[in-house]
Amino acid sequence: MNHFNWNDGFVVDFDLDTGKSDSAVTSKRPLSVVKDIFLDTDAAAEILKKEDPMIYEFHELGAPERKGDLAFGTTVIYPGKIGNEYYMTKGHFHTILETAEVYYTLQGAGYMVMENPEGDTIEKPLKKGDAVYVPRRYSHRTVNTGSEPLVLFYTFDADAGHDYGTIEENGYRKMIVEEDGKAVIVDNPRR
C-alpha cells in the first residue's frame, strides 16, 4: 500500500537521472520473471544458467484505482540483449481499453512499441527529452536500444488497470532487434 494522502497533495522524490525514488514502491523484473517475452528462449535459458540479470524495474505510487486520480511513476529498462532482441518491458493493455498514457524520456534511447486489438502497430523511437503519447486502445512495450539505462516517467488514469495476459498469450506483431549493429523493426515470426 502507499503512504501518500491522495486528498491533500504530496511531493515525490524521483531522481531525473536514474528514475529511482525513496518514496515510491519499487518492482523489479529480472530475466527469470520475464524470460518468456523473448523470442530466443534458448539464449535466455543459457544466461539463466550463469546469472539472473535485471531487465527492468519500475517505481510507482500505488495510486488508488479510482476515477479522477492519476497513476504515475518511472520505468527503468537496463541495456542488454537476449539473442539479438533488446531488453524490454512485458507490455500491457489497460483493462479500460479506452485509456491513453504518456511517457516522457528522462535518459537513454529506445522504442515504444504499440499495437491495438485490430492489429494496427506503431513503433516510435525515444531519446532523452521525447514524450510519447500512447493512444487509447493500444498496448505498449518499451524497448531499450541504447548502452545506458532507458528511464521514462509515465502517467495515466488511475482506474485504467492493466491487462498483461493478452500480450503474454499473443506477443507483439513487431519486434525491435539488432541487425548489423543497428536497431531495426521486424515482424515477429510467432505471429
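A charge sits over a ring if NZ of Lys or CZ of Arg is within 6 Å of the ring centre and within 35 degrees of the ring normal. In this predicted model, the charged end of Lys90 sits over the ring of Tyr164, 4.9 Å from its centre.

Local features need pLDDT of at least 70, side-chain atom pairs count only at pLDDT 80 or more, and totals for chains, interfaces and linings use all residues. Side-chain values use heavy atoms, with hydrogens and water left out, and residues are numbered from 1 along each chain as its sequence is written.

An open sheet has 6 strands in the order E1-E2-E3-E11-E6-E9, paired in the antiparallel sense. Strands are DSSP runs (E, at least two residues) numbered from the N terminus, and two strands pair if DSSP finds at least two bridges between them. The edge strands are E1 (25–30) and E9 (131–134). Strands E2 (residues 54–60) and E3 (residues 70–77) pair over 5 bridges; Glu57 has Val76 in E3 as its bridge partner.

The structure holds 6 aromatic pairs. Rings of Phe, Tyr and Trp (its six-membered ring) pair if their centres lie within 6.5 Å; planes under 30 degrees apart count as stacked, over 60 as edge-to-face and the rest as tilted. Two of the pairs are tabulated.

| Pair | Centre to centre | Plane angle | Class |
|---|---|---|---|
| Phe72 and Phe153 | 5.8 Å | 40 degrees | tilted |
| Tyr103 and Tyr154 | 6.0 Å | 45 degrees | tilted |

Phe72 lies in E3 and Phe153 in E11 (residues 150–157), 81 residues apart. Tyr103 in E6 (residues 101–107) and Tyr154 in E11 are 51 residues apart.

Buried means under 20% relative accessible area, exposed over 50%, partly exposed in between (1.4 Å probe, protein chains only). Tyr103 is buried at 6% and Tyr154 is buried at 7%, whereas Phe153 is partly exposed at 27%.

Technical notes. Helices (H or I, at least four residues) and strands (E, at least two) are DSSP runs, numbered from the N terminus.
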